[in-house]
Amino acid sequence: MTSLQSEIEQRGRRIFELVDKYPESLFSKAGFYQRLMTLSMRDEQLKLQLFRFVDVLPSLHTSGEIIEHLQEYFADAHDSRKLSEFLEAGVRLPRTVPWISGPILRWNVSEMARQFIAGRNPNDVMRTLRKRWTQKIGFTVDLLGETVVSETEADEYAARYLDLLEGLARETKNWTDPLGKNSELFPVVNLSVKISALYSQINPADPADAVAHLTPKLRPLLRRARELGAFINFDMESYAHKNTTLELFKTVFTEEEFKDWPHAGIVAQAYLRDSEADLRDLIEWSRARGTRFAVRLVKGAYWDYETTKSRQNGWDCPVYLQKPESDANFETLTRLLLENESVVTSAFGSHNVRSIAHSQALAEKLGIDRSRFEFQLLYGMAGPIKRALVEMGYRVREYCPVGELLPGMAYLVRRLLENTSNEGFLRAKFAENVSAKELLRDPRDLIKPAVAGIGDPGGIASADGKNSTSLDIAPGDVYRNSPLVNFAYKDSQEKMQGALREVRKRFGEKYPLVIGGEKVWTDQLTPSVNPSAPDEIVGYGSEAGIPEAERAVKAAREAFGKWSRTPFEERARLLERAADIMERRRYELSAVEVFEVGKPWNEADGDIREAIDFCRFYAQQMRRLGRPKLTQRVPGEDSYHHYWPRGVTFVIAPWNFPIAILCGMASAGVVTGNTVIMKPSEQSIICGAMLMQVFEEAGVPSGVLNFLSGHGSVIGAHLVDHKDVNLIAFTGSREVGLKIWESAGITRPGQRELKRVICEMGGKNAMIVDSDADVGEAVGYSIYSAFGFQGQKCSALSRLILLQDNYDRVMERLIPAAASLRVGNPEEPGIMVGPVIDEAAYRRILDYIEVGKSEATLAYQAKDLPPQGYFIPPTIFTDVKPNMRIAREEIFGPVLSVLKVRDLDEALEVANGTDYALTGGFFSRSPANIERVKAQLEAGNVYINRSCTGAIVGRHPFGGFKMSGSGTKAGGEDYLLNFLVPRVVTENTTRHGFAPEETPEYRDEFLPPQQ
Ligand SMILES: Cc1cc2nc3c(=O)[nH]c(=O)nc-3n(C[C@H](O)[C@H](O)[C@H](O)COP(=O)(O)OP(=O)(O)OC[C@H]3O[C@@H](n4cnc5c(N)ncnc54)[C@H](O)[C@@H]3O)c2cc1C
């Protein structure tokens, strides 16, 4: 055993001795809280329900609502049996006096919250702080309620921080340092701030914008703190905010005014893989700055969030996946901090006796006096450890959150999770009585070698390596969604900036048609302009006329014979090569979208990701469908079900997902053995040309994919009616879609087959907000769904249906949230609302806004818009009635109608009362209402408690019904069937009563005849 390890054990044992001297259960408050913890630790499923119930409770207003929710959450017999145990302590009376249980439950939850929340307001908290002071425990105070949705809320927070600071300084004027030594390093007043409470538009892609907005808000607070001799700490939140927080810290404390101020601190999260690099960078920065600063070292409070989020997005997980790795890194960072004690003051934020003992032992070894660093622990947690540390003569500071329960719910839930975590120290020591020897082991000895599942970057693959969303796949075939680009990384930001510069250099280039493998130029060139700056021409596309359309049909028909007989495996590989090329050209393709259609960065990247996913998903699906499959096992007869391609496919795509939708329809056509003529939208020719380049590079044979840009009214109409076109795949407006549907139904002279039409049209999508919904979440997601990409997604929210009980609460936050949006040229990172696509759209949407003004009440309209470009102000109408035009017609722009309804019955009636059924959403925390809406909302894609946009291939097969479409699902496992004709081949295999015993489940393809 090393001498350090034995020193750690010695100190650890001493802490345990002192802890055991004042025996106190971890869950010190008996009754409700203790029962909640005990039950949660015994039963994971019940824990989920209990925490969800705790989360919704403060939002419920009447006793009846509380009881209803209680019944809904614990309807399951198993849960309700367990629950009665819990209620025994939480609410003794409910079964005898049911009406009293609501308030009692609420009281219990708010009492429980008070265990972790030091006070409702600054006055309230002073009582706690005074008491702690007598126990020689200092404080840092935090205002509950991170993540504001608007600048109004952010400004309120900034003002409250300032008030809090003044109040604390006033009340603690005569307090002295508990150790009376090195007190200049540890001001009495210590305030912890969270940047997400101070700026509502933080976008990880744009730290510079956040810094620019946050510094003016912080300066008055920092200035005043300095005058008052206080200390300010920047808390660390989720990984998405990490780089911005670091950047902000370094920027503001390098400013002349604060450069020589030592009382600033920041948090390092040891669970982050890049925390050591960040800490080294900070230390270097501090040396250059020439003034010391402070670091609170913690493990990190967002482990569950980070792992879930990375899994959803297919990102490398930024946090360690094994708990001992975080513990070991905590010790590595402890050493780094203590070895640089000359420039950095350390605060060790942990309740783990091993981590604490390690800091003590190392400091001792390095000769650092115990008055020169401190331990920080959370209010309401690990009381005996705090007392033990004080008794050992160490500095102890308590982190004291202040505020109401509702805004504090995220904090409360984090604490509940932490206390019940299987991995946590507190549970091990205080609930499971793990031995001191075990608890004090060196975490390095506990790290397991990498095992399957651990370290899986996306974490999407299940144990058998298959994507859990695609269960029915051929052996060995794996489908994984491509990860989104994570713009939180500087490297991604730089690549995107670089791509924008490069693409800009190519402005004005000309792009040919591609027919039968040849580049075809015509006399007519169509300019494609940048909607943010219409005098900029992104490029020119050759314009096809009827002769080129005819040539394309001929080329496609000629190529069909061979392509339809090409094995599906080869066709699938073509798509996979195309996907790989798009992956390689990802930033460049996104940049083209930013310029050509005005997509914000993350939306453009989402589009390229979707195109890649379509290719890989359809390749996988084709492998599933490609081999003829035995229908039933009967002796003496083989019947094989299989598919043939249909023929020439005409793909007509919109501009709003200019590469993804074009690619989805074209790749589905190609992989199924059809030959394709693809027509991009007139507004996104360059994106279309890019996709053609991708397929050419991937090696698509001549004539299999033809690129024909031109006017829909000319070549579009001609090809829809063409006798040699077998299938039309259309995504676009209802008006054009219906014409195609009708026209394709007419059989032309010489036509040999019935035309198949895949028709995806618009929506008038509704989101219902229930009376118990989480208002912050509902507002945040509604704003994004309605105004992201300027409301130009067919899935975008256009009708927000609010139950009257919640109406005022939602509106109070919705309008300021809309007013806080960043509207501008999406070339800038972090812009959420860019221009609409062109002048025609611009005028049409403005006309709708006029209609809205005449029909309803204009509740909000943005004012500051860029002087040039097709920018429409985000607009919100209230007092909208279901029969009004703005509530029925698709607007396709940043215009949101708000409808107030009595109850959920009326909400559903209104939501379902249009011609469309594309997407729909519901915000609620009532399990019964959620189930009802899942079943009754008329929409092809129903989204609960999230945005109603952003479908992911394979995960959310996308498409609607009624006037939204013909009921097909792009990115779903039945999509390719639309491009195929099914056949069954039956053979009598008996000869004189003798039949083979074995019939294989799959057989080789029946290749269609040479044409
Ligand atoms: C005073 C104070 C201030 C704080 N401020 C912040 C802050 O600004 N930002 C912030 O994020 N947190 C902050 N925290 C919260 C802190 O991160 C958690 O309380 C802390 O992680 C719990 O660690 P522990 O050492 O007390 O307990 P332990 O039980 O030893 O560690 C639990 C921690 O280990 C990590 N972990 C759990 N499971 C795994 C796993 N499977 N793989 C890898 N790691 C895992 C998680 O970080 C988890 O919280 C603060 C805590 C204190 C005491």
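Helices and strands are taken here as DSSP runs, helices of at least four residues and strands of at least two, numbered from the N terminus. In these terms Ser684 is found in the loop that runs between β17 (675-679) and α25 (685-698). The structure described is a predicted model. Within this model Ser684 has a relative accessible area of 1% and is therefore counted as buried, the limit for that class being under 20%. When residues up to four places away in sequence are not counted, Ser684 touches Glu596, Val597, Pro654, Trp655 and Pro658.

The shell around the ligand holds 30 residues, of which Gly300, Ser326, Ser350, Glu418 and Phe425 come nearest. Sorted by class, this shell is made up of 13 nonpolar, 10 polar and seven charged residues. For Leu321, a polar backbone atom is 3.1 Å from a nitrogen atom of the ligand. The ligand taken alone exposes 940 Å², and 95% of that area is buried by the protein. Two or more residues of the shell are given by each of the elements β4 (264-269), β5 (293-298), α13 (323-339) and β7 (374-378).

Helix α13 also marks one end of the loop that holds Glu341, a loop whose other end is β6 (344-349). Glu341 has a relative accessible area of 12% and so belongs to the buried residues. The side chain of Glu341 makes a polar contact of 3.0 Å with the side chain of Arg372. Apart from neighbours within four places in sequence, the residues in contact with Glu341 are Arg292, Ile368 and Arg372.

Arg132 and Arg397 are 265 residues apart along the chain, yet their C-alpha atoms are separated by 9.2 Å. With neighbours within four places in sequence left aside, Arg132 is in contact with Ile137, Tyr379 and Glu398.

A search of the whole structure for salt bridges finds 77 of them. In one of these, Arg444 is paired with Asp442, the closest N and O atoms being 2.9 Å apart. The two partners fall into separate accessibility classes, since Arg444 is partly exposed at 40% relative accessibility, whereas Asp442 is buried with a relative accessible area of 18%.

The side chains of Lys505 and Glu502 meet at 2.9 Å, N to O, and both residues lie in helix α19 (residues 490-505), where they are three residues apart, or about one turn of the helix. Lys505 counts as exposed because its relative accessibility is 63%, a value over the 50% limit for that class, while Glu502 is partly exposed, with a relative accessible area of 43%. In helix α21 (residues 568-584), Glu569 and Arg573 are four residues apart, again about one turn of the helix, and their side chains form a salt bridge of 3.1 Å, N to O. Glu569 has a relative accessible area of 25% and is partly exposed, and Arg573, with a relative accessible area of 45%, is likewise partly exposed. Salt bridges also link Asp580, Glu583, Arg586, Asp605 and Arg616 in a network.

Gln790 is not a glycine, but has a positive phi of about 60 degrees. The place of Gln790 is in the loop between α28 (775-787) and β22 (797-803), and with a relative accessibility of 0% this residue counts as buried. Lys962, also not a glycine, has a positive phi of about 50 degrees. Lys962 lies in strand β29, which consists of residues 961-962, and is partly exposed at 32% relative accessibility.

Technical notes: Residues are numbered from 1 along each chain as its sequence is written. This is a predicted model: local features need pLDDT of at least 70, side-chain atom pairs count only at pLDDT 80 or more; totals for chains, interfaces and linings use all residues. Side-chain values use heavy atoms; hydrogens and water are left out. A residue is near a molecule or strand if one of its heavy atoms lies within 4 Å of it. A polar contact is a pair of N or O atoms within 3.5 Å; within protein, one must be able to donate a hydrogen and the other to accept it, and residues adjacent in sequence count only if both atoms are side-chain atoms. Accessible areas come from the Shrake-Rupley method with a 1.4 Å probe; for residues, only the protein chains shown count as cover. Ala, Val, Leu, Ile, Met, Phe, Trp, Tyr, Cys and Pro count as nonpolar, Asp, Glu, Lys and Arg as charged, and the others, Gly among them, as polar. Buried means under 20% relative accessible area, exposed over 50%, partly exposed in between (1.4 Å probe, protein chains only). Contact means heavy atoms within 4.5 Å. A salt bridge is a side-chain nitrogen of Lys or Arg within 4 Å of a carboxyl oxygen of Asp or Glu.
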